[in-house]
Amino acid sequence: GEERHEHTDFFQPVKLVFEAEEPFWLGVGNELLWDSGSLWDGGGLLWDGAAGTAVTDSGSFTVTTSGNASAIARVMVHNDGGSNVAEPVVQRIVNGFPVDEVRYSGILTPGQWFEADPRRQKVAIYPSAISAWSGFFYRHPDFMRLAPGANTIKVQLGGAAKIFIRYLDRWT
């Protein structure tokens with residue numbers, strides 16, 4: 001309480017509570033950062049110019065994170081070939097079963113790519129940035145989570161495309 005004769009108007013006890021939107025430390029992971037020394041659109045159609053994993057019809061690959069907390073991944077399916085790509089499905093597999101899944105029920109024509117970005121809550125077909133929410137399916141609100149360490153990614157689609165999994169490492 002305030003007591004004027006003890007000058008409590010100068011000093012008052014105050015309770016502070018600090019909150020963080022995401023209580024994690026973030027690291028680079030495999031995302032391209034603004035000051036990383038890379039050129040934006042440096043020789044690639046995708047904004048980060050980095051190589052993806054080529055998949056024809058189906059395939060699996062491993063993505064390894066460095067943090068000790070699950071990372072939230074941005075998933076891209078890029079049709080860089082001459083034929084359409086139909087209904088891409090990207091899953092994270094644990095003990096033989098899908099625990100996370102990103103699926104687009106549509107067609108990607110040559111030069112188009114599908115992107116599911118959980119950090120921005122945006123799902124679109126590029127290069128024209130057309131919303132793809134109407135054909136989008138996911139199992140978890142974070143779309144694609146990557147556990148600390150090695151993660152098995154399984155892809156199924158009609159055709160051939162490059163798959164990009166981009167993430168920031170997270171630590172608690």
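Modeller: Let's start with a term: a residue is buried under 20% relative accessible area, exposed over 50%, and partly exposed in between, using a 1.4 Å probe and protein chains only. This is a predicted model, so local features need pLDDT of at least 70 and side-chain atom pairs count only at pLDDT 80 or more, while totals for chains, interfaces and linings use all residues. Residues are numbered from 1 along each chain as its sequence is written, and side-chain values use heavy atoms, with hydrogens and water left out.

Now the rings. A pair of aromatic rings is described by the distance of the centres and the angle of the planes. Here, rings of Phe, Tyr and Trp (its six-membered ring) pair if their centres lie within 6.5 Å; planes under 30 degrees apart are stacked, over 60 edge-to-face, and the rest tilted. That rule gives nine aromatic pairs. Take Trp133 and Tyr138: their ring centres are 6.5 Å apart and the planes sit at 80°, so this pair is edge-to-face. Trp133 is partly exposed at 35% relative accessible area, and Tyr138 is partly exposed too, at 34%.

Next come Phe136 and Phe143, with centres 5.0 Å apart and planes at 75°, so they are edge-to-face. Phe136 is buried at 10%, and Phe143 is buried at 1%.
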